[in-house]
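Please look through the model shown here. The report after it covers how the chains meet and how each one is built.

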There are 2 protein chains.
Amino acid sequence: MLSGSAPVSADKRRQVLRAIEELGYRPNAAAQALVTGRRSIVSVLTADTTRYGYAETIRGIEEAARAVGLVVAITVLDTDAEESIEAAVDLALGQPLAGAIVLEFDIRGSRALTILPKSLPVSAVSSGSEGRRVPRALFDDRSGGRDATNYLLGLGHRTVHHVAVPGSGRPSGRTLGWREALEAAGAPVPEPLMSDWTARSGYQAGVSLARRRDVTAVLCGNDEIAFGVIKGLQAEGLRVPEDVSVVGFDDHPLAEMWTPSLTTMGQDFAELGRMAVGFLLGRLGGGAYRAPSSSLKLVVRGSTAPPHP
Amino acid sequence: MLSGSAPVSADKRRQVLRAIEELGYRPNAAAQALVTGRRSIVSVLTADTTRYGYAETIRGIEEAARAVGLVVAITVLDTDAEESIEAAVDLALGQPLAGAIVLEFDIRGSRALTILPKSLPVSAVSSGSEGRRVPRALFDDRSGGRDATNYLLGLGHRTVHHVAVPGSGRPSGRTLGWREALEAAGAPVPEPLMSDWTARSGYQAGVSLARRRDVTAVLCGNDEIAFGVIKGLQAEGLRVPEDVSVVGFDDHPLAEMWTPSLTTMGQDFAELGRMAVGFLLGRLGGGAYRAPSSSLKLVVRGSTAPPHP
DNA sequence: CTGAAAGCGCTTACAG
DNA sequence: CTGAAAGCGCTTACAG
């Protein structure tokens, strides 16, 4: 009766429903799942939950999942070690899952993706499309890196320096795009500075960039790094954008509040998360699905200018 | 045998385990949950997942939960409306839950807490301890607000203005603490400016504070607001801290990178999240449990100074 | 020591 | 139209 399949007199139905209400009865979820085979948990596997891109993606996933009655379970991949990733995947698989979504922004996500069982519906939000064939909501940070670099070259900068985020084993798409743009323009390709994802490491990079005389433009792997780079440049007495132009990546909510406000390659992460849920529901077979192009665009603000003559 | 209860010959055991490995067999989680009654999902109910305090708290919850083999399910309370909160709670309760943790930082969390069934183990991370009696990891933002205000008064400011975050129906603890400190010192109590949680609304507040001649010190309800307030003051030609001192709340990772770096009342949200998991496991009866005092402390940086003579 | 049976709490097809 | 039975995939206590 509770499932609405058996017809009952309106009277009786009302009585039962009231009893349910009063006693606070809830059907046993485990029993329901067992008998119907319906699973309502989507597991999200991710290396991080708090940084802007990750957190926004998760927000989009949760929003889309909740809209169709699914609950989002989060399991953090807290080291790169194979066994810790296996343990996290095992923990996630211990639930009755409708499917899993992997945030493939880093090496941990890539690894988790390879060990998830083939039998489980899986999709990913990803900045690359190598390895196992699953539906991926791709954000094309390669063309983003290319466009951002071309924008700086177009302002008249002779070349563009780069502070890179860690890739998933190989250079990130934005780093590849940056290099491509420089090569296509015949501009010198400086060695990229490696960074983690934090403003603090960006600060270090900013300080060392400031000590070179030839730096007039810097593309940063994300906005937090860009914030730090700007601060590091300023600490060394350089002005942004008069002496050095800085571009970030992601369009962090504080980008417009920075001093100077940050020019950045914006990305709609929540939209990517919603797409990944759609893939799971649509049971698409595999391959990569480009995010709508609207989701990646350069937001020009105050941190960029033509080079000082 | 799988549960390890029945003794089997080592040989047979190995064979079976290999078969399990090869076939990728996984016990049906729903069936296990049904028969053992063991639940391994902790549901987190929260108005937000991306802002600093919320995201850090969730990170702590996930970390502590994973350490004991529990999975964290997240359900966002996306409006204040009673029916949308009920729908979110219903969705969460549709899973076989070990318990639920409510982030009681706002009106939505408070409401969710009141409608969760009495039969479910529940704990909360909270900045207040009214309403239903559940174990709460309390962060004492009231004393934090008091201490921050006293710090500014101690620098010699005649009074301290305040930009408030939304409370859960009533003023937040930090707002109450601010008022108490002013009253105790016999200082004038200016009308607080209301804000949401964003830097953008802080900016508006900063601009309007700059237009008054009497403002020399501002306590902000969180760091994002403080970032915006600083930017707004600067936009109106005032210098921080020379003309106006600004204090934030939370110790956001970018606080040290701001210009000037932000003095703020730091809070270890992840620790509060871990505590809430502990409460769930320990099945504490109710009431409020103060977070270790180490978790709340003033971090003095560059945004505060004695008033201009 | 091992295998067969009971039972967890539901849903659904089926007999009455 | 209604009630009783079968069965989802496990675990555990129990008979052999």
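## A strand pair across the chains

In which sense do β2(A) and strand β2 of chain B pair, and over how many bridges? They pair in the antiparallel sense, over 3 bridges. Strand β2 of chain B covers residues 71–76. One pairing can be picked out by residue: Ile74(A) has Val72(B) as its bridge partner in β2(B). Strands of a sheet pair through backbone hydrogen bonds, either parallel or antiparallel.

Keep in mind that this is a predicted model.

## The interface as a whole

On chain A, 46 residues are in contact with 47 residues of chain B. The two chains bury about 4,100 Å² between them. Of that area, 62% is on carbon and sulfur atoms.

Polar links also cross this interface. There are 18 residue pairs in polar contact between chain A and chain B, with both residues at pLDDT 80 or more. Which elements of chain A each supply at least two residues of the side that touches chain B? They are α2 (29–36), α3 (52–67), β2 (71–76), α4 (82–93), α8 (199–210) and α9. β2(A) gives the most to that side, with 6 residues. By type, the residues on the side of chain A that touches chain B divide into 22 nonpolar, 13 polar and 11 charged.

## Salt bridges

Over all chains, the structure holds 38 salt bridges. Across the interface of chain A and chain B, the rule finds 6. Side chains of opposite charge can pair when their charged atoms come close.

Two of these bridges can be followed by name. Asp90(A) forms a salt bridge with Arg26(B). Their closest N and O atoms are 2.9 Å apart. Arg26(A) and Asp90(B) also meet in a salt bridge, at 2.9 Å from N to O. That pair crosses between chains: Arg26(A) sits in the loop between α1 (10–23) and α2 of chain A, while Asp90(B) belongs to helix α4 (residues 82–93) of chain B.

## The sheet of chain A

Chain A has an open sheet of 6 strands. Their order is β7-β6-β8-β9-β10-β12, with mixed pairing. Which strands of chain A are at the edges? They are β7 (193–194) and β12 (296–299), and each pairs on one side only.

Further in, β8 (residues 217–220) and β9 (residues 245–250) of chain A pair in the parallel sense over 3 bridges. Leu219(A) stands opposite Val247(A) in β9(A). Helix α9 (residues 223–235) of chain A packs on this sheet and touches β6 (161–164), β8, β9 and β10. The direction of α9 makes about 160° with that of β9(A). Helix α6 (residues 141–154) of chain A lies across β8, β9, β10 (263–267) and β12. Helix α6 runs at about 160° to β9(A).

## The sheet of chain B

In chain B, 6 strands form an open sheet in the order β7-β6-β8-β9-β10-β12. The pairing is mixed. Why is one side of β7 (193–194) and of β12 (296–299) of chain B left without a neighbour in the sheet? These strands stand at the edges and each has a single partner strand, so one side of each has no neighbour there.

Strands β6 (residues 161–164) and β8 (residues 217–220) of chain B run parallel, joined by 3 bridges. His162(B) stands opposite Leu219(B) in β8(B). Helix α7 (residues 173–184) of chain B packs on the sheet, touching β6, β8 and β9 (245–250). The direction of α7 makes about 170° with that of β6(B).

Notes. Residues numbered from 1 in each chain as written. Chains lettered and ligands numbered in written order. Predicted model: local features only at pLDDT ≥ 70, side-chain atom pairs only at ≥ 80, totals over all residues. Heavy atoms only, no water. Pairing = 2+ DSSP bridges. Helix = DSSP H or I, 4+ residues; strand = E, 2+ residues; numbered from the N terminus. Contact = heavy atoms within 4.5 Å. Axes fitted to C-alpha atoms, helices over the stretch in contact; angles between N-to-C directions. Buried area = accessible area lost by both parts, 1.4 Å probe. Salt bridge = Lys/Arg side-chain N within 4 Å of Asp/Glu carboxyl O. Polar contact = N/O pair within 3.5 Å; in protein donor to acceptor, adjacent residues only side chain to side chain. Nonpolar A, V, L, I, M, F, W, Y, C, P; charged D, E, K, R; others polar.
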